[in-house]
Amino acid sequence: MKKIEAVIKPFKLDEVREALSEVGVTGLTVTEVKGFGRQKGHTELYRGAEYVVDFLPKIKIEIVVADETVETAIEAIIKAARTGKIGDGKIFVSAVEQIVRIRTGETNESAI
């Protein structure tokens, strides 16, 4: 089992969720985050004072999938989240050792 974490632009969330549903991903966790990378930040004006916004708003999606589904899920995220511009985001994949569904006690593959 693998955990896929994707950091994407906020306006791409619905497209990514739909793309993941189409490839069989049944559940995901979404978190609003802020990030700093190559996109840098930008300068804004507020009440006549200029200030720099370093951390830009992003969305972090977390899913856990079976090993054979990893590549399909990654491709779906890339296809739905790509704009071709800087700041499209990143995808991180890591191994998951154990899953336990709290309500039923199911473990691992059956708990996904």
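Contact means heavy atoms within 4.5 Å. Helices (H or I, at least four residues) and strands (E, at least two) are DSSP runs, numbered from the N terminus. This is a predicted model: local features need pLDDT of at least 70, side-chain atom pairs count only at pLDDT 80 or more, and totals for chains, interfaces and linings use all residues. Residues are numbered from 1 along each chain as its sequence is written, and side-chain values use heavy atoms, with hydrogens and water left out.

**Stop 1: helix 1.** Select residues 13–22. V16, A19 and L20 are the buried ones (under 20% relative accessible area, 1.4 Å probe, protein chains only). They sit on the same side of helix 1, because their arc around the axis is only 100° (taken from the directions from the helix axis to the C-beta atoms). Just after helix 1, pick G24, with a positive phi of about 100°.

**Stop 2: the core.** Show the largest nonpolar core, 18 residues (buried Ala, Val, Leu, Ile, Met, Phe, Trp, Tyr and Cys joined through side-chain atoms within 4.5 Å). I4, I8, V16, L20 and I63 touch the most other members. Helix 2 gives the largest share, 7 residues. Centre on I8. Beyond four places in sequence, its contacts include L13, V16, I59 and A81.

**Stop 3: the aromatic pair.** Select F36 and F55. Their ring centres are 6.0 Å apart and their planes at 55°, so the pair is tilted (centres within 6.5 Å; under 30 degrees is stacked, over 60 edge-to-face, the rest tilted). The structure holds 1 such pair.

Key. Buried < 20%, exposed > 50% of the residue type's maximum accessible area, 1.4 Å probe, protein only.
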